[in-house]
Amino acid sequence: MDEQMTDASMISLGVPGLPSLTNSLMVGGLYLLIAETASARFPILSTSLSAGLGRGVQCRVVMPQNPEVFIQRLESFGNVNILQGIENQQLQLFTMQDEFSKKMFRYGAEAFVKELEHYEFPDSSFVLFDQADDLLSLHDVVLALDQVDVLRKWALQHQVTVLLVLTRVTESQTSTINALMDDLTGIARLGASRNGLELSFDYWQSPEGTIAGKSFLLNVV
């Protein structure tokens with residue numbers, strides 16, 4: 001793969017001032033963003049999609065909620081033209097079916113990735129899964145490990161970069177998330193600290209290298 005292709009395919013969180021060591025995502029990687037402060041995730045989702053669209057990357061978003069509400073939240077930050085991306089088909093939005101978590105448990109992650117292929121999620125694209133709590137069975141570490149393994153292999157095979165955003169993680173699920181670390185390309189947490197909004201990286205692989213146990217304060221604009 002030549003340098004131009006790699007550069008055009010690279011995905012980033014797009015957070016101003018964040019070092020490239022933590023800002024960049026590996027092509028074909030599977031990342032987890034735990035939004036401990038759920039509403040604070042929207043600026044990061046906006047900047048990451050903006051960065052992908054700006055580089056000409058095909059972007060896909062999977063969400064449980066009404067797409068119109070999601071679009072309005074992202075466009076409110078003014079740094080991503082969602083409607084233009086949809087119009088030129090560079091960005092496509094998908095909503096989860098009713099009782100999605102039950103269907104994941106019944107049919108498994110293999111059926112889910114087959115459905116992604118049915119809808120022609122293109123190779124080398126960026127897939128953002130908002131509120132992915134129903135995608136992973138965090139109450140069962142063995143099942144969650146199997147789900148992540150299937151998703152990781154699919155992403156690597158198709159060179160698709162996947163960012164799973166969790167918004168309802170409980171303390172009882174912490175041990176499961178820790179167990180998933182070896183099968184994920186990165187885990188980051190977004191939450192409030194005494195000094196403001198903080199983005200903490202438990203573990204993160206990027207084209208620049210690997211980092212662990214690093215936190216950054218984010219500016220509210």
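Which residues lie nearest the centre of the second largest pocket? They are Gln97, Phe100, Phe112, Glu115 and Tyr119, among 16 lining residues. A pocket is an open set of points on a 1 Å grid over the protein atoms alone, with protein on both sides within 12 Å along at least five of seven lines. Lining residues have an atom within 4 Å of a point.

The model is predicted, so local features need pLDDT of at least 70 and side-chain atom pairs count only at pLDDT 80 or more, while totals for chains, interfaces and linings use all residues. Residues are numbered from 1 along each chain as its sequence is written, and side-chain values use heavy atoms, with hydrogens and water left out.

The second largest pocket has a volume of about 370 Å³. Here, a volume is the space filled by probe spheres set on the grid points, which are joined across faces, edges and corners. Helix 6 (100–118) and strand 5 each give two or more residues to the lining of this pocket. The largest share, nine residues, comes from helix 6. Helices (H or I, at least four residues) and strands (E, at least two) are DSSP runs, numbered from the N terminus.

The structure also holds one cavity of 30 Å³ or more. A cavity is a set of grid points where a 1.4 Å probe fits but cannot get out. The volume of the largest cavity is about 60 Å³. Its lining consists of Leu30, Phe112, Leu116, Val127, Phe129, Leu135, Leu151, Trp154, Val162 and Leu164. Helix 6, strand 6 (126–129), helix 7 (141–158) and strand 7 each supply two or more of the lining residues.

Next come the nonpolar cores. A nonpolar core is a set of buried Ala, Val, Leu, Ile, Met, Phe, Trp, Tyr and Cys residues joined through side-chain atoms within 4.5 Å. Buried means under 20% relative accessible area, exposed over 50%, and partly exposed in between (1.4 Å probe, protein chains only). The largest core has 36 residues, and Leu13, Leu49 and Leu199 touch the most other members. Helix 3 gives the largest share of this core, five residues. A second, separate core of 33 residues includes Leu30, Met104, Phe121 and Leu138. In soluble globular proteins, nonpolar side chains tend to be buried together.

Contact means heavy atoms within 4.5 Å. Beyond four places in sequence, Leu49 touches Cys59, Val61, Leu74, Val80, Ile82, Leu91, Phe126 and Leu128. Leu199 belongs to strand 9 (residues 196–206). Leu199 counts as buried because its relative accessibility is 1%. Beyond four places in sequence, the contacts of Leu199 include Leu13, Leu18, Leu33, Ile44 and Phe216. Leu18 and Leu199 are 181 residues apart in sequence, and their C-alpha atoms are 9.7 Å apart in space.

Ser48 sits in helix 3. Ser48 is buried, with a relative accessible area of 0%. The side chain of Ser48 reaches the backbone oxygen of Leu45 at 3.0 Å. Beyond four places in sequence, Ser48 touches Ser12, Leu13, Phe126 and Leu128.

Helix 4 (residues 67–75) has three buried residues named Phe70, Ile71 and Leu74. Seen down the axis of helix 4, the buried residues fall within an arc of 100°, so they line one face of the helix. The arc is that of the directions from the helix axis to the C-beta atoms. An α-helix has 3.6 residues a turn, so residues three or four places apart point the same way. The buried residues of helix 4 pack against helix 3 (41–54), strand 4 (59–63), helix 5 (82–87) and strand 5 (91–95). Asn66 caps the N-terminal end of helix 4, with a side-chain oxygen 2.9 Å from the backbone nitrogen of Glu68.

Thr161 is part of strand 7 (residues 161–166). Thr161 counts as buried, at 1% relative accessibility. Beyond four places in sequence, Thr161 touches residues including Ile11, Leu25, Tyr31 and Phe126.

Two loop residues complete the survey. Gln89 lies in the loop between helix 5 and strand 5. Phi of Gln89 is near 65°, a positive value in a residue other than glycine. Gln89 is exposed, with a relative accessible area of 55%. Ser124 is in the loop between helix 6 and strand 6. Ser124 has a positive phi of about 65°, although it is not a glycine. Ser124 is partly exposed, at a relative accessible area of 31%.

Definitions and conventions
Polar contact = N/O pair within 3.5 Å; in protein donor to acceptor, adjacent residues only side chain to side chain.
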